[in-house]
Amino acid sequence: MALPASGLNLLLGTVLLLTGCAINPVTGGRDFTLMSEAEEIDKGRQAASDILKEYGRYDLPPLQAYVDAVGQRLARESHRPQLDYHFTVVDSPQVNAFALPGGHVYVTRGMLAYLNSEAELAAVLGHEIGHVTARHGVRQYSAAVATQAVATVGSLAASILMPQAGGQLAQGLQSFLGLTGNALLSGYGRGHELEADRLGAEYLARTGYDPQAMIQVIGVLKNQELFDVEIARQEGREPRRYHGIFATHPDNDTRLQEVVGEAGRPVRPSGRADGRRTEFLQQIEGIVFGDSVAHGVVRGNTFRHREMGFAVSFPPGWRVRNRPDEVAALSPEGDALVALRLFGEPRGSPADLIRARLRLAPSDRVVSMTRNGLPMALVTASVQNREPYMVAVIYHDDQAFLLAGKGASPAAYDRHRDALADSIGSFRTLADAERAAIRPLTIKIITAAGGVRYADLARDSPLGASAENHLRLLNGHYPDGEPMIGQRLKIVE
């Protein structure tokens, strides 16, 4: 049934009554928003607890205090200095920084590892403060909810007769944390990102840092992207994107250069003209690089988890990735995969659990066995024209683990069958000495000796085949720079 014109006008008027306009703290103009500042702060506070549950605070109080001090100096010079800002280093190897509406700003230890001065750290934090001061999260959320509400206009049943229509708007409001988190972690549109860059550069200038540090930081992210393109090509996967709204390198981005240039010179230089590189490197020396011990570590083709006390070896030459929910290894050709993940609490035997959780038919054959002293159940399936697989459930230390291997085709499965079986069969308990010996990789600061090149440093590096360019990336010399005599360098050991 079509909605009469009078009903359409009534509904549109109702939608407009539900919306509001607020003064933008940065521009002084009016913005369309669905949230007051008090609500923004409250929602941000709620989301902050979820962020720490997911990532965890990096346990190094001096570093936390240092990052917070840099952030607070910038926040005091921002357009919303009255907010209660919190600057936190989260325990993640990802290269990322993000902010919640209301003043909670986060930077990962993974991001810190690739920065090379306090000015660059300030640029990262200033950019995120810019998102907060311009209320980008609130504005993006408001636009999304309004679009959702207006989308219900076309149906009388949806908009007037059925209470679910009003519920959609309420549900949109309740999904604030999810919408905001996704927007912040995946990035805003080019307009908002440029505004955050401009504001961040302005806050840098006000605080005594060179605003050009904003260009340098975006260069760090763009080089991350270029390096990952290089690695992805070797690994046969899609590359990751960072500040991906910039198609070109920031050195060649005219508009970015313009908005950063608007910040001018530092208004009161305060001994930070060199970016305080030495002070920054002192603060990050010793931080964990890559996987933390708490999440298990990958060395070579073996994954070891100290707290859970087990190890799994993946096929030699396969690309191993340690993700929050699973550890997976991909064949060099990209046509076979083996993955490990937790499978809940043991219930009955492994065979009982695998049948129940995978909903196997009575005719499916499950083989029970003991491997490396642990109870295991294994099922294989080879269905014509589909991806064949083998799946095992293993009980270890009152926990159930799932190890699954599959091929992209029956031919691929046949080629890798033995490798998949060997990997599944490698699950074992770690000896006490092995557990005690597990250590994370860390950042170490050295002074470049005369004639040293990244190729020399790469020979003893645990960073693998791409260590030479990885070290260049860490030190701001990607793609082809070399150290200078006496320069302080980051290595990984």
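**Close-up 1. An open three-stranded sheet in a predicted model.** The three strands are ordered S6-S18-S19 and pair antiparallel; two strands pair if DSSP finds at least two bridges between them. Strands (E, at least two residues) and helices (H or I, at least four) are DSSP runs, numbered from the N terminus. S6 (288-289) and S19 (488-492) are the edge strands, each pairing on one side only. S18 (residues 441-447) is joined to S19 by five bridges. Thr447 has Arg488 of S19 as its bridge partner. This is a predicted model: local features need pLDDT of at least 70, side-chain atom pairs count only at pLDDT 80 or more, and totals for chains, interfaces and linings use all residues. Residues are numbered from 1 along each chain as its sequence is written, and side-chain values use heavy atoms, leaving out hydrogens and water.

**Close-up 2. Helices packed on the sheet.** Helix H13 (residues 277-284) touches S18 and S19; contact means heavy atoms within 4.5 Å. The direction of H13 makes about 20° with that of S19. Helix H18 (residues 467-474) touches S6 and S19, at about 135° to the direction of S19. Axes are lines fitted to C-alpha atoms, for helices over the stretch in contact, and angles run from 0 to 180 degrees between N-to-C directions.

**Close-up 3. The contact of H3 with H13.** The axes of H3 (residues 61-76) and H13 come within 9 Å and cross at roughly 145°. H3 contributes Pro62, Leu63 and Tyr66; H13 contributes Glu279, Phe280, Gln283 and Ile284.

**Close-up 4. Confidence along the chain.** Mean pLDDT (the predictor's confidence in each residue, from 0 to 100) is 82 for the protein chain. Over residues 1-19 the pLDDT is below 50.
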